[in-house]
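Reader: Hey, can you walk me through this one? I'm new to it and would like to ask things as they come up.

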Amino acid sequence: QVQLQESGPGLVKPSQTLSLTCTVSGGSITTNYYYWSWIRQPPGKGLEWIGYIAYSGSTYYSPSLKSRTSISRDTSKNQFTLQLSSVTPEDTAVYYCARGPQAGNFGSWGQGTQVTVSS
């Protein structure tokens, strides 16, 4: 069973770059046809999909965040990383990594990590 674990700083200053890493165990991020996503949930709001990196290494981002988002991977460590630049307090959220989407669903999730943007 695949497991995901987010890691990274819990506090980021405005205008800086948020960087989070997802470590995957129990399965390879290069396994054919799997996608690996970042999703966030601001306080009091619903889930927002940020983007994914595919098994092939290709990426796709939410249009609303595309200009500030980069997702990359380290296959030797079985990790993928989110970078979100020029953050503001509106980027404060619980950030999740997940496997998917597969047929519109996200099958496995990390536990989530709180990131607060504040000076």
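Reader: Let's start with R68. How accessible is R68, buried or exposed or partly exposed?

Author: R68 counts as partly exposed, because its relative accessibility is 22%. Buried means under 20% relative accessible area, exposed over 50%, and partly exposed in between, with a 1.4 Å probe and protein chains only. This is a predicted model, where local features need pLDDT of at least 70 and side-chain atom pairs count only at pLDDT 80 or more, while totals for chains, interfaces and linings use all residues. Residues are numbered from 1 along each chain as its sequence is written, and side-chain values use heavy atoms, with hydrogens and water left out.

Reader: Okay, and what does R68 form a salt bridge with?

Author: With D91; their closest N and O atoms are 2.9 Å apart. R68 is in the loop between β6 (59-61) and β7, and D91 is in the loop between β8 and β9, so this pair links distant parts of the chain, 23 residues apart. A salt bridge here is a side-chain nitrogen of Lys or Arg within 4 Å of a carboxyl oxygen of Asp or Glu. Strands are DSSP runs (E, at least two residues), numbered from the N terminus, and helices are runs of H or I with at least four.

Reader: Is D91 buried or exposed?

Author: D91 is buried, as its relative accessible area is 2%. Salt bridges that share partners join R40, E48, R68 and D91 into one network.

Reader: So where does R40 come in, and how far apart are the closest N and O atoms of D91 and R40?

Author: Those atoms are 2.8 Å apart in the D91 salt bridge with R40. R40 lies in strand β4 and D91 in the loop between β8 and β9, so the pair ties together parts that are 51 residues apart in sequence. R40 also meets E48 in a salt bridge, at 2.7 Å from N to O. R40 is buried, at 5% relative accessible area, whereas E48 counts as partly exposed at 24%.

Reader: How many salt bridges does the structure hold?

Author: Three.

Reader: Switching topic: what order do the strands of the open sheet come in?

Author: Four strands, in the order β1-β3-β8-β7, with antiparallel pairing. The edge strands are β1 (3-7) and β7, each pairing on one side only. From one strand to the next, the twist averages 20°; axes are lines fitted to C-alpha atoms, for helices over the stretch in contact, and angles run from 0 to 180 degrees between N-to-C directions. Two strands pair if DSSP finds at least two bridges between them.

Reader: How many bridges does β8 make with β3?

Author: Six, in the antiparallel sense, and L18 has L84 as its bridge partner in β8. β7 and β8 are also antiparallel over six bridges. Five of the six residues of β8 are buried.

Reader: What do β7 and β8 form together?

Author: A hairpin, with four residues between the strands. N78 in its turn has a positive phi of about 55°, and N78 is buried at 14% relative accessible area.

Reader: Last one: which residues does a cis peptide bond join?

Author: G100 and P101, with omega about 15°. P101 is in the loop between β9 (93-99) and β10 (108-109).
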